[in-house]
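Here is my note for your reading of the model. Please keep the structure open beside it and find each residue as you go.

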Amino acid sequence: MSAAVGLPWPLRPVLAAADRMRSSLRLGVVVAVLVIPGLVATYAYSSSINADVSFSEAEKHGVEVMQPALQAMTETVAGRQADLSALQAAADKYPELVVGDLPLGSGAALVGDLKHLITDVADRSNLILDPDLDSYYVMSAQVVQIPNALLAAVEAGEAITADDPEITRAVHASNLTRAAQLLRDDVETAATHSEMTDLRQRLTPVETAADEIAALATALADGSGPVSTTAVADDLSAAMAPLGQVLDDLLDERIGFLSLERSVVLGLTTGGFLLAFWFAAGVLWRTRHDVRLAVTGVTAIASGDFSERELPGGKDEFGDIGHALATARARLVAQERELTESQRVRQEQLRVSFMHQRQAEMRLRDRAQTIIDESTQSIAEELRLVTGQVGDVRQASETIDREISTTDAATSAVVEHARRADQVISSLENSLRRVASTAALVNGIAGQTRLLALNATIEAARAGELGLGFTVVADEVKELATTTSRSTEQIAETIAELERDTSEVSQTIAAMVSGINSVGDAATSLRAVAADQGTVVGRLNDRMDHTIGRIEEMSTLASELERRQSDRIAASGPALLRPAGSVDFIDATLVNVSTGGLRARLPDGIDLVVGDVVDVKLDHKDRHIDVPARVANIDGAERGLQFLVANDGQQEQVDRYVAALSDLA
């Protein structure tokens, strides 16, 4: 949208198309747009000239057909037999000019037919439409005036035999006089407007024939006898050859002029086109060459290549661009040289600062090592004593735990036996209840038996002596039922007493189990306390061990700092980082580097998180690093990267690079 602001709206379609073209193509389009109208105009001009030449050549063809027709007319007017073979040959040569058969007959009829034929040929061959005055009037003398004069002469020759020759002579004399005057006027007009200097001299026979026609008219007007048209016909026949030759010469001159004009114009146009194409080719080549050089130079400068290369050197705008590019390249080279020198100085300053810092760090490490060793030895000894006492507490706790575990096991066994006794008593109570139920059932059966024995006694009494034996049996049965009833009552009483005793035993066992459970709960609580005490003591022991380990590690801290795998070397300059899966590199700024990794500052808008894998490219003089790395830590815009060295070759490459930075190589 912003690119179109300020553009003239009539030019926007052209600019929209031109913006999609290269400069050389634009120039080619301009040349084509300028040349095509010229080619069209040249073609139109050539077509027009060719049409004019064809027009005049058609007139020459008409003259070739008209000459034998006029000759045949003069022969007929002279009273001789007309030879139409030449006319037939011309008609066969140009059939488009003669339509139909040639006229036949004699006298005035043949002359009239030939006159019409000549007029038709003149019309078909463009003679009637001749554009120039000189050739037009020479043509008029042949096509119009001479045929009219010959017709008037032959009619006058035939009119002297009429009944009223006086009137006829006057009319034909007037026609002849008029024809002679028109013939003289045509010659005069043609001579006046022609550039042919000897035209009048060459047409003298025409004026002689006009005088002869005038003399014939005078003879017709004054005399009363017959007149002869032979002299007029002969004079006109003699005039036709130079008249036809003059017309032919005028047409040749016109055709020659048109052909010369066409050749000159086409030659100049062709030369102009060739010159234009030659110049356009040169300009096109120069434009493409200069554009290519300018684009190559700008691209090289944009990509950081400041090497010497050819640039446009002409006097035009491209030459100015070339000079500007050369100046810009020289300035950039000077700036790069200054930046390189300043970077070298900075690297040297960083290196010196690093050496001083390293020496200070070594002194600080030695002092810190001494203090740490003294402090850690004292603290570690005190902690070892505390650890011994903690061990004693742990041992006592373990003894308590074992005793409580034994007591708990015994209590659990007693509780288990009490529970089993309670289950036995419960089972005994159930058995007594079943026996009681059985006794009740037996008591019920005994009652039924007594009732049955009573009924049997009654029935035996009714039977009399026959039932005496059955009565004895009924009495025995009744006695047995009574005895059974008393026995069941005694059993029921005994069972009730057993139930009361078992209930008391069950209550006693329940109380004992409750008391034992209380002892078990107390033992369990005591065991839990002992277990918690053991856990606390274990944790305290672990903490003490961990603390002693950390203190012992502190004693080797300084030596470990001294024995770091790699020292960080302060550095500056570009660092190219390419995240995994990306094709573009990120231009980061190097902060420091070591054999194990580097720290770089990312540009704004770029983010890398811990764990991201990137490809690293670093260059320093003749040293180069191309190795993958992983983001290890983040500090604002800075990222700490750890090298992911895959083989010894990459590690050697990294070592040499770091050695080159520290001047250790």
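1. Start with E504, which sits in helix α11, residues 468-555. This is a predicted model. E504 belongs to a negative surface patch.

2. Move on to the strands. Strand β6 covers residues 623-635, and strand β7 covers residues 638-643. The two pair in the antiparallel sense, over six bridges. Two residues lie between the strands, and G636 takes a positive phi near 70°.

3. Stay in strand β7 and find R639. Is R639 buried or exposed? Its relative accessibility is 6%. Buried means under 20%, so R639 counts as buried. Now look for R601. R639 and R601 are 38 residues apart in sequence, but their C-alpha atoms are 6.4 Å apart in space.

4. Next come the salt bridges. How many does the structure hold? The count is 17. Take R254 and E59 as one case. Their side chains meet in a salt bridge, at 2.8 Å from N to O. R254 lies in helix α9 (residues 230-302) and E59 in helix α2 (residues 23-77), so this pair ties together parts that are 195 residues apart in sequence. Both R254 and E59 are buried. A network of salt bridges links E59, R254 and D132.

5. The side chains of K60 and D248 form a salt bridge, at 2.6 Å from N to O. K60 is in helix α2 and D248 in helix α9, so to speak distant parts of the chain, 188 residues apart. K60 has a relative accessible area of 15% and is buried. D248 has 18% relative accessibility, and D248 counts as buried because the limit is under 20%.

6. Finish with E64 and K93. This salt bridge has its closest N and O atoms 3.4 Å apart. The pair links distant parts of the chain: E64 is in helix α2, K93 is in helix α3 (residues 85-93), and 29 residues separate them. K93 counts as exposed, at 53% relative accessibility. The cut-off for exposed is over 50%, so K93 passes it.

Note on methods: Residues are numbered from 1 along each chain as its sequence is written. This is a predicted model: local features need pLDDT of at least 70, side-chain atom pairs count only at pLDDT 80 or more; totals for chains, interfaces and linings use all residues. Side-chain values use heavy atoms; hydrogens and water are left out. Patches are made of residues with over 30% relative accessible area and no salt bridge: like charges are joined within 9 Å, nonpolar side chains (Val, Leu, Ile, Met, Phe, Trp, Tyr) within 5 Å. Accessible areas come from the Shrake-Rupley method with a 1.4 Å probe; for residues, only the protein chains shown count as cover. A salt bridge is a side-chain nitrogen of Lys or Arg within 4 Å of a carboxyl oxygen of Asp or Glu. Lys and Arg count as positive and Asp and Glu as negative; His and the chain ends are not counted. The place of a charge is taken as NZ of Lys, CZ of Arg, CG of Asp or CD of Glu. Helices (H or I, at least four residues) and strands (E, at least two) are DSSP runs, numbered from the N terminus. Two strands pair if DSSP finds at least two bridges between them. Buried means under 20% relative accessible area, exposed over 50%, partly exposed in between (1.4 Å probe, protein chains only).
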